[in-house]
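Please keep the sequence and the structure in view while reading.

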Amino acid sequence: MQGVLPEVFIVGAAECDLGVTNKSILELQGQAVTRALADAGLSTRDVDGIATNGISRFSATQLADYLGIVPSFTDSSFAGGSSFEIYVARAVEALRSGQCTTVVISFASNQRSAKSRSLGGVIEHHTPEAQFETPFGPLFPLSYYAMAAQRYLHEVPHGRAALSEVAISAREWALLNPAAFRYGTKSLTPADIERADLISSPLTNADCCLVTDGGGAIVLTTKVVDKKRAVKVIGYGEATTNTSMTSVDDLMVTGAVESGKRAFAMAGITPQDIDVVEVYDSFTITVLLTLEALGFAPRGGAAELMLSGKTRPGGSFPLNTSGGGLSYCHPGQYGILLLIEAVRQLRGECGERQVPHAKRALAHGTGGIFSTHATVILEKAS
Amino acid sequence: MTFPYLPIEDSISAPYWEGTRAEELRLQKCVACSKFQHYPRALCSHCGHTNLEWQKVSGQGIIDSWTEVMRAPQEGFEAPYIIARVRLAEGPIMLSRIDVSSSEVSCDQPVVLKWQHLSDGRALPLFVPVGG
């Protein structure tokens, strides 16, 4: 980034309880924030910036009140799962301009305990989508991802095997992560995925992410006490594309093309310089199209990359090392957990699933129906 | 097939829905740039001009992509059924259903319009394979 601007670091990162918690959203938020601050050696008294959503209509305000603080910077932008990568960009700007000194980005959901998720999604009757799409009965967001996958299978040889490998690879990582929902289970085979119940063809139940409680928080500041554990934000980019299922002309090309380009340009590096890749895996197809959009593979080339086996533990392209939304945790908006895993990998805290010598990590969030895309590139501070 | 959701129209979309009563698929066309758009808006999503006219379109298209929905999203829908992105000959893509079984559907297949009436007299545009 520009030499004259102060550098911004992530100095704390933590999950709240994951899985099935039977706790309220705000209790989980409280866990996430206090644990991330403790990890940073800070307290709520140090926090003057908050970015969060999914609590209530006034989410950041609600959390500020709950924490008992009066922040000078808040953001409750709602962009689905990529919101948290977007918040990193907002936080960096706010910290650099001096609007605040310490920002907490957090999220928590109790969707599994509360059974608050429905296959049809939330219908907002006044929107064009309710008028021109809801009458036909798509599952939301699943049917849109299913149509993207159908197109992928139409254009790319071995597409179905590649989709399955996304889930298989994620499971292998989850088996190394004691916090993962599927930890202690077993490896997946292509048959496990392809013979699971079809939900919206060609996607089966096993192509879909988990529905769990969970969340977490990260702490950003320009002042670093412990440089060994700090992680520097060196690039970010975003692109917002659509709410309608019919606005995007080519289902094979997502907004991650632009968000990735912007993030890599800011960081002054290329995809080859990334050691650990954490991308949103709401569905198996999300990963294939995102890897291609970010430049890790050409159009249709993510299939070959997946089928090479390089993304599994020990491989040369470590991908979704927590086990991902498919096998670790997916609390409805997964973006905060991508950032937390990226930070932990760069710190070298990941135990059995640690990627050796990881210096740079990429976290990419995808919200809605391939609607919002945000890429963050992180680097070890020392 | 059941269609339990009755869309709430507004002053911008009223001509679209009025057209469906006469089994006419009408889309907005921009007077400035001559491009069609769907869904209807107060402005042209291609060039930003606000001078738009309604035109009846051909009802010809191709399936950009499709999915067979195996579980109902809400009460009243009866799965399975096929939804699709249909690329109309005039340019815009619209969401619809393909009224055949999944073994007869594929991407890039030509399709043609047919109408499905709703309980209130309006109709939804569905598609079937050409010659099917």
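Two residues are in contact if their C-beta atoms, placed from the backbone, lie within 7 Å. The model discussed here is predicted.

**Helices α1 and α2 of chain A**

- The axes of helix α1 (residues 25-40) of chain A and helix α2 (residues 59-67) of chain A come within 11 Å and cross at roughly 70°.
- Angles of 65 to 115 degrees count as roughly perpendicular, and α1(A) is therefore roughly perpendicular to α2(A).
- On the α1(A) side, the residues that meet α2(A) are A:Leu26, A:Gln29, A:Gly30 and A:Val33; their partners in α2(A) are A:Leu63, A:Tyr66 and A:Leu67.
- By class, this contact of α1(A) with α2(A) comprises five nonpolar residues, two polar residues and no charged residues.

**The two domains of chain A**

- Chain A is divided into domain 1 (9-116 + 214-233) and domain 2 (141-211 + 237-380).
- The centres of these two domains of chain A, taken over C-alpha atoms, are separated by 23 Å.
- Domain 1 of chain A brings 31 residues to the contact, and domain 2 of chain A brings 35 residues.
- Within domain 1 of chain A, α3(A) gives the most to the side that touches domain 2 of chain A, with six residues.
- That side of domain 1 of chain A consists of 14 nonpolar, twelve polar and five charged residues.

**Helix α6 of chain A**

- Helix α6 (residues 142-155) of chain A has 14 residues and reaches 20 Å from its first C-alpha to its last, close to the 20 Å expected at 1.5 Å a residue.
- This helix, α6(A), is mostly covered, as twelve of its 14 residues are buried; among them are A:Tyr144, A:Met147 and A:Arg151.
- The cover over the buried residues of α6(A) includes α7 (159-174) and α10 (284-293) of chain A, together with β4 (60-69) and β5 (81-88) of chain B.

**Where chain A touches chain B**

- The contact takes 30 residues from chain A and 29 residues from chain B.
- On the chain A side, α6(A) gives the most, with six residues.
- The side of chain A that touches chain B has 15 nonpolar, 13 polar and two charged residues.
- A:Leu198 lies in strand β5 of chain A, and leaving aside its neighbours within four places in sequence, A:Leu198 is in contact with A:Thr204 and B:Met70.
- A:Leu198 counts as buried because 20 other C-beta atoms lie within 10 Å.

Note on methods: Residues are numbered from 1 along each chain as its sequence is written. Chains are lettered from A and ligands numbered from 1 in the order in which they are written. This is a predicted model: local features need pLDDT of at least 70, side-chain atom pairs count only at pLDDT 80 or more; totals for chains, interfaces and linings use all residues. Axes are lines fitted to C-alpha atoms, for helices over the stretch in contact, and angles run from 0 to 180 degrees between N-to-C directions. Helices (H or I, at least four residues) and strands (E, at least two) are DSSP runs, numbered from the N terminus. Angles under 35 degrees count as roughly parallel, over 145 as roughly antiparallel, 65 to 115 as roughly perpendicular and the rest as oblique. Ala, Val, Leu, Ile, Met, Phe, Trp, Tyr, Cys and Pro count as nonpolar, Asp, Glu, Lys and Arg as charged, and the others, Gly among them, as polar. The expected span of a helix is 1.5 Å times one less than its number of residues. Domain bounds come from an automatic or database domain assignment.
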